[in-house]
Amino acid sequence: MTTMTDPDKILDRLAHWQRGLREQFPIIANNPRLAYLDSASTTQKPAAVLDAVTDYLTTGNANAGRGSYPWATATTARIEAARDRVRKALDDTGTESSVEFVGGTSDGLRAVARDWLADLLADGDEIIVPFGDHEANLRPWLDLRQDLAHKGIRITVLPMPVDAASGDYDHRALPSIVTARTRFVAVTHVHHVFGTDLNVHRVREAVGPNVPICLDAAQSVGHLPVSVTDLDVDFVVFSGHKMLALPGVGAVWARNRRGPRFALRGWAGTPNVVGIVSMTAAFDWLDGAGLADIGAWTTALGVRLTDGLAQLAGVRVLGCQNSLTADSPVQRRQGIVTFRHTRVRSDDLGFVLADQGIMVRADSHCQAGRKSDDHAVRVSAHVYNTPEEIDRVLDVVRMCEGAMS
């Protein structure tokens, strides 16, 4: 859990460090008047990632596992090394884990449901999943229930309880719905709309030592340190395009201690080698930059925005309202802040921001079961964003508010 009462001290301490990193993103450096604040959707790419992809394509491009010539064998070795790179990035010190490359988080969660969980469930079993997080972390489990029902296997899908005051998973209520038939729990690390770290370390304590837990880490891997040593989960699923790598690639890390070893079913076909190369380069770049400082920087930007919005009478910041005061005793937003103006339509506000060179998401947010929180403005930062860009957002919102008064 991250608490922060003085974001300016963090931003001042890291300002020189951040300027040096910002310059390494060509699209950012080439468009100094624009503010890209939609990193929860996809991140921009540092030159090191782009260079790694170009180097691979111009010096050794070949298929993996399908040739004995040097380019092919080197590509195969790259992919195996990339699995180890994912383990290192997740602070995996074990020996039983495996890594499978997939198309992204949605694809990876479907693979866990289809290729692993389906064979473990019997009639009368229960699973617990989030009904208020990203659609990608709900739909696979509901689809699995439907597929099993066609085979005569009836399972119960229970919603993960949420504490209304904090916005976290309710670890106190969770034990009351865990039974001897609970076979699986799905959770999200950082919420894609509310920006809160959902404190999933408490989930293991609540469900006990034997239930497998699957973590959607799309908004945490590449944004802040993620340690499977600290988080006793069984799966970590994430996307490359949200952690500075190319789109079309992701990974499923599996602990392989509770249940059978995870493996993708069927003929794998040609892997997305370019995507995997970009992911390895992105992890190297993030390590060099320092993920702890990246997390501190983006959280401080989120606090700066949240504190500014909280001063505007016409604005409602979505999520935990206890985190809106500067001396909040609960965690602050992890670089993702979503809000709605009471008198200005969110899509209109998005157009005004875009006209001022500020790119945010201002439509629905793929949130399962929370249609009331669709059509809001989401601002999401990464290390290339600055306090001045946050202030520009606030200025535009104030301008719109003034125009409506």
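Trainee: Where is the place of N256?

Mentor: N256 sits in the loop between β8 and α8, where helices (H or I, at least four residues) and strands (E, at least two) are DSSP runs numbered from the N terminus. Keep in mind that this is a predicted model, in which local features need pLDDT of at least 70, side-chain atom pairs count only at pLDDT 80 or more, and totals for chains, interfaces and linings use all residues. Residues are numbered from 1 along each chain as its sequence is written, and side-chain values use heavy atoms, with hydrogens and water left out.

Trainee: Why is N256 called buried?

Mentor: Buried means under 20% relative accessible area, exposed over 50%, and partly exposed in between (1.4 Å probe, protein chains only). N256 has a relative accessible area of 14%, so N256 is buried.

Trainee: How many aromatic pairs are there by the rule?

Mentor: The count comes to nine aromatic pairs, where rings of Phe, Tyr and Trp (its six-membered ring) pair if their centres lie within 6.5 Å, and planes under 30 degrees apart count as stacked, over 60 as edge-to-face and the rest as tilted.

Trainee: Why is the pair of F25 and W285 edge-to-face?

Mentor: The ring centres of F25 and W285 are 5.3 Å apart and their planes stand at 80°, so the pair is edge-to-face. F25 lies in the loop between α1 (7-22) and α2 (26-29) and W285 in helix α8 (residues 273-289), so the pair ties together parts that are 260 residues apart in sequence.

Trainee: What makes F25 count as buried?

Mentor: F25 has 0% relative accessibility, and therefore counts as buried.
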